Amino acid sequence: MQPTTPHQTTDGPRKIHPAIRMVWLFSNTVTFLIIAIISSTVEFSLLKALHAPWRFPIVMPILWVGIGIASASLLKLQWERWQYEVTDREVILSWGVWTQTRRFVPRDRIQHVDITSGPLARKFGLSHVHLYVAGAHGAVGGIPGLTHEEAEALRSMLVETQAEHV
Amino acid sequence: MFDRPHRLHPAAIVINFGSYFVSTSKAMATPLIALVASNARSGTHMLALMIGGFLALIGLFSLIGPLLHYFSTRFYIESDALVINSGFVWRKRRTIPLARIQNVNVERTIWHRILNAASVKIETAAGAKSEGDLAALSLEDANKLQMVLLHHRGSVEAPVDQAKPTPIYSLTTKQVFLAGMLGNRVVYILAGIFSVFQFDRSEKLFRPALQYIGHLSPMAAILAGAIAFFALVVIGWLVSIVMSATRFYGFRIDKHDRGLLLSHGLITQFRTIVPVGRVQSVRIVEPILFRMYGYCEMYADTAGTFDKKDVGAANKICPLLPEGQASQIGQHLLPGFEFERLQWRQVSPRTVARHATRYFIQLATLSAWPLAHWLKWNALWFVIPLAIYCWILGLFYFHYVGYSFTNDLLVARSGVFRKQAVIIPFDRIQHYTINSSLFQRWLGLTTVSVSSAASGGHAIHIADLEAPIAETLRVTIGTAIKNHLGSRRGGL
């Protein structure tokens, strides 16, 4: 066992910023709109090819608007479920509405930390913190909806743990 | 030894030309076949001209690259790092810290052997391909470089240890053929046939085939289909035997002071050292035919090797291993590995219902359209045998799936037809996850997943544990990781 020094922690689970709901709402709306337009075009082409008595797509727009409304109504729950905690040994991320996930990343396995902020998140003063470990394709965990100060503080907290070898 | 810039062996021009030519020709083979088939009535001279022109063009392009590569590539070891300078127009300088090297493979194709050369492939934990690929060095230089790089203490003057390796395991020629006979490459052949049809835009091959089948009586069509299927299986089987014989001929494992030395290959010879201190996980795989004959395959994944397609079976420790000898080989890879003595724990019996439902939905979705098309409403009769079949599959799944742990290792096994056990030492775990879908929560079940640095495709997933048991396992994993801090062997 190697000697350990106490690390900075978050002193319990923390929630992400509530403004993230607006970011999710905007991005979900844009995504569902794009899917609705593409799938409606496909439906239109199919109706035309089948010589249907009507040409106006109905199923896909209703389906995707329905999914969009259902998704928007779950945003509050999605936000409530998102939690992160930095303990002395691990970073614990919890999220998910349908599939609920808790991910545990030992602090000394973290190879590097990214802070990203898209145009929409910047508009609301938010950043995302992504954690990387060895051998994984991409980030193993991304904490959305942190203020720039929170993101910087979290980054400093995590990089103080010197990443050891794999 | 390698402190000054070294050129590649001139054989690199021939080797690279060959590999460029073969890979380009492979990529162009199916459009070429389709093109030839589509213009079959254009006359022999025209066809010969087309094929000749095609090959000449591929040959010309394949020669420019290797020449530029040979004249522009230099490599040397500088301050604990391997530096490879390459590129003629776009200059590239790649620096690979020696401490980050996971594996170094020496490979000899038939061309290498004719030209007395060998290629050296260097892997780190990153990327899907070897990070350093030296196409040809003299055999002596290749072996020396492998030793120096694996020494990874940074000393350029590191003594090259020539201690005689101790044999651990070897395959007889009969066993090599058996390894091939227990596999089947029919899927590769089917993929090749479909890719030809895909490129056959003018339908010169596809339409006549369909018309021919259309003219047959139903019984003759079924018979023709059965004969074609049987022929494909036999061809796939023969291909598998040939591939196994060429790849694993003379297979042997030796204990080397740097790790395990794997030597094999009939045409292309592989000489791979697996650094045991860097093994992230070990997998024991039992496809159905292997299991029937009491054999298994063993893989040892180091960081980044799980998806490296350009390295010949680098993580396959043994293509054919009697089940009883798994622990004997495993102990050389992971200290304390005693597979036969593991106390297996089962997951919740409710997993039968969940998996049976999943199999039923998958199979029903796949078969619904053809069955409904042929049998109309009578297709619904198939629901009953399908449900029974899926329930039996679920029972098989429950019977085999399980997990176990010792003070140092976490092990999980899964699979119905192709069974697999994954072993990850606690000191190699990178992260772990507990999740539960809506359906699982209704049943009070949870999945625990554990990943190492080599787990891109082979993480441990222990599905359908009772929620309190999953929580206990989570605490056990967390505590074990904490207890193993600082005990990691090898490092990077």
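Chain B has 14 helices and 20 strands, where helices (H or I, at least four residues) and strands (E, at least two) are DSSP runs numbered from the N terminus. This is a predicted model, in which local features need pLDDT of at least 70 and side-chain atom pairs count only at pLDDT 80 or more, while totals for chains, interfaces and linings use all residues. Residues are numbered from 1 along each chain as its sequence is written, and chains are lettered from A and ligands numbered from 1 in the order in which they are written.

Q: Why is Glu160(A) called exposed?
A: A residue is buried if 20 or more other C-beta atoms lie within 10 Å of its own, exposed if 12 or fewer, and partly exposed in between, with C-beta atoms placed from the backbone. Glu160(A) has 11 other C-beta atoms within 10 Å, and is therefore exposed. Its place is in the segment after helix H5 (148-159) of chain A.

Q: What does Glu160(A) touch, not counting residues up to four places away in sequence?
A: Contact is defined by C-beta atoms, placed from the backbone, that lie within 7 Å, and on that basis Glu160(A) touches His7(A) and Gln8(A). Glu160(A) and Asp108(A), 52 residues apart in sequence, are 9.5 Å apart in space, C-alpha to C-alpha.

Q: How do you know that the span of helix H14 of chain B agrees with its number of residues?
A: The expected span is 1.5 Å times one less than the number of residues. For the 17 residues of H14(B) (residues 467-483) this should give 24 Å, and the end C-alpha atoms are 24 Å apart, which agrees.

Q: What makes one face of H14(B) the buried one?
A: The buried residues of H14(B) are Ala470(B), Leu473(B), Ile477(B) and Ile481(B). Seen down the helix axis, these fall within an arc of 70° (the arc of the directions from the axis to the C-beta atoms), so they line one face of H14(B). On the other side of H14(B), Pro468(B), Thr472(B), Val475(B) and Thr479(B) are exposed. The buried residues of H14(B) pack against strand E4 (100-106) of chain A, together with strands E16 (409-414), E18 (429-436), E19 (445-452) and E20 (460-466) of chain B.

Q: How do you know that E4(A) and E18(B) pair?
A: Two strands pair if DSSP finds at least two bridges between them, and E4(A) and E18(B) are joined in the antiparallel sense over five bridges. In E18(B), the bridge partner of Gln100(A) is Ser436(B).

Q: Why are E1 of chain A and E20 of chain B said to stand at the edges?
A: The open sheet of seven strands has the order E1(A)-E2(A)-E3(A)-E4(A)-E18(B)-E19(B)-E20(B), with antiparallel pairing. Strand E1 (14-15) of chain A and E20 of chain B each have a single partner strand, so one side of each is left without a neighbour in the sheet.

Q: What makes strand E13 of chain B mostly covered?
A: Eight of the eight residues of E13(B) (residues 295-302) are buried. Tyr295(B), Glu297(B), Tyr299(B) and Asp301(B) point one way, while Cys296(B), Met298(B), Ala300(B) and Thr302(B) point the other way. In a regular strand the side chains alternate between the two faces of the sheet.

Q: Which strands pair with E13(B), and over how many bridges?
A: Strand E12 (residues 279-286) of chain B pairs with E13(B) in the antiparallel sense over six bridges, and Val279(B) stands opposite Thr302(B). Four bridges join E13(B) to strand E14 (residues 316-322) of chain B, again antiparallel, with Tyr295(B) opposite Pro322(B).

Q: Which residues have the most contacts inside the largest nonpolar core?
A: A nonpolar core is a set of buried Ala, Val, Leu, Ile, Met, Phe, Trp, Tyr and Cys residues joined through C-beta atoms within 7 Å. The largest has 124 residues, and those with the most contacts inside it are Val120(B), Leu137(B), Leu149(B), Met298(B), Ile423(B) and Val450(B). The largest share of this core, six residues, comes from helix H4 (residues 139-151) of chain B. Leaving aside neighbours within four places in sequence, the contacts of Leu137(B) include Leu8(B), Ala117(B), Val120(B) and Leu145(B).

Note on methods: Two residues are in contact if their C-beta atoms, placed from the backbone, lie within 7 Å.
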